[in-house]
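Please keep the picture open beside you and look for each element as it is named.

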Amino acid sequence: MSTRRTHSNEMTTPDINEDEHPDLGALGAPVAPTGHSVEVQELNAYYGSEQALREVTLTFAANTVTAIIGPSGCGKSTLVRCINRMHEEIPGARAEGRVLLGDEDVYAPKVDITAVRRAIGMVFQRPNPFPTMSIFDNVAAGLKLAGMRGEAVRERVHRSLRAVGLWGEVKDRLNRPGIGLSGGQQQRLCIARTIAVEPEVILMDEPASALDPISTLRVEELIAELKSRYTIVIVTHNMQQAGRVADSTVFMLDGSLVEHAPTQQMFTNPRDERTERYVTGKFG
């Protein structure tokens, strides 16, 4: 799978004093929007004989944040896992339909699944830093897997840590275990690991549900900062969080898409009665 990003100029980036410029973006300077849209077409997903998604069709616009809400078991997490083909890693699970990243179908027969997961990154509900790796190596893992070496890795790791607001907190202990960070720091470390390989899309499956309020706020602020460079899809049970971070919101029920609308409309004037009942707490 090809993407629009290239790394041919990696070593030509000017030297940057990281202490003088702690808030620079992941590329060291303002960048133009680079995310791709994601189009889901007639997607069905199964766990063995149990159908979890039913004919889901929707588009996630480029460089926006889309929240997916709905009661437990409605298919939210299954949907995001289908987008980067992690769903099929579960024994007996399968999916049918199309998922287009730009104009490329990630379910095409000869597609490189590793390339799909590099282009469509995933952040999970609970922080999952690699327990035996240092802070530096956690962020560098995907880069090294892709064949990057030397100074290019160092630059990308440092810039990714700055992009998630961790640089000032960890710059003096990059060789210490990532598992030793606080929960909120671990989650930002995992986000840094995701953006280090420069994906087009970031999927987040309840990324703040295990965090304290201060760490949750920092992750939400980070999401707002990252959408200028990435297309972001976030699964959340917290409707207040959806209202704070999302440009549009998807409501799902029983494996089906009920409504997809701008977030303000979704919460103030939904089109579907089932959406109105859910967002007002009448069920779910």
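1. A residue is called buried when its relative accessible area is under 20%, exposed when it is over 50%, and partly exposed in between, with a 1.4 Å probe and protein chains only. By that rule, 51% of the 284 residues of the protein chain count as buried. The model is a predicted one, in which local features need pLDDT of at least 70 and side-chain atom pairs count only at pLDDT 80 or more, while totals for chains, interfaces and linings use all residues. Residues are numbered from 1 along each chain as its sequence is written, and side-chain values use heavy atoms, with hydrogens and water left out.

2. The protein chain has 10 helices and 10 strands; these are DSSP runs numbered from the N terminus, with helices (H or I) of at least four residues and strands (E) of at least two. A contact means heavy atoms within 4.5 Å. Among contacts between residues at least 6 apart in sequence, 69% join residues at least 24 apart.

3. Two strands are said to pair if DSSP finds at least two bridges between them.

4. Strand β3 (residues 65-69) pairs with strand β8 (residues 231-235) in the parallel sense over 4 bridges, and Val65 stands opposite Ile232 in β8. Strand β9 (residues 248-253), by contrast, pairs with β10 in the antiparallel sense over 6 bridges, and there the bridge partner of Val250 is His260 in β10. The hairpin of β9 and β10 has 2 residues between the strands, and in it Asp254 takes a positive phi near 55°.

5. How do helices α4 and α6 cross? The axes of α4 (residues 151-163) and α6 come within 9 Å and cross at roughly 130°. Angles under 35 degrees count as roughly parallel, over 145 as roughly antiparallel, 65 to 115 as roughly perpendicular and the rest as oblique, and α4 and α6 are therefore oblique to each other. Arg156, Ser160, Leu161 and Ala163 in α4 meet Leu189, Ala192, Ile195 and Ala196 in α6.

6. The buried residues of α3 are Ile135, Phe136, Asn138, Val139, Ala140, Ala141 and Leu143. After α3 comes Gly147, whose phi is positive, near 100°.

7. A second open sheet has 4 strands in the order β2-β1-β4-β5, with antiparallel pairing. Its edge strands are β2 (50-60) and β5 (104-105), each of which pairs on one side only. Strand β1 (residues 38-47) and β2 run antiparallel and are joined by 7 bridges, and the bridge partner of Val38 is Phe60 in β2.

8. Helix α1 lies across β1, β2 and β4, and runs at about 65° to β2. This helix (residues 76-83) is mostly covered, with 6 of its 8 residues buried, namely Lys76, Thr78, Leu79, Val80, Cys82 and Ile83. Following α1 is Arg85, which has a positive phi near 65°.

9. Is His87 buried or exposed? His87, which lies in the loop between α1 and β4 (93-101), is buried, with a relative accessible area of 1%. Not counting residues up to four places away in sequence, His87 touches several residues, including Tyr46, Tyr47, Thr78, Cys82 and Arg94.

How values were computed: Axes fitted to C-alpha atoms, helices over the stretch in contact; angles between N-to-C directions.
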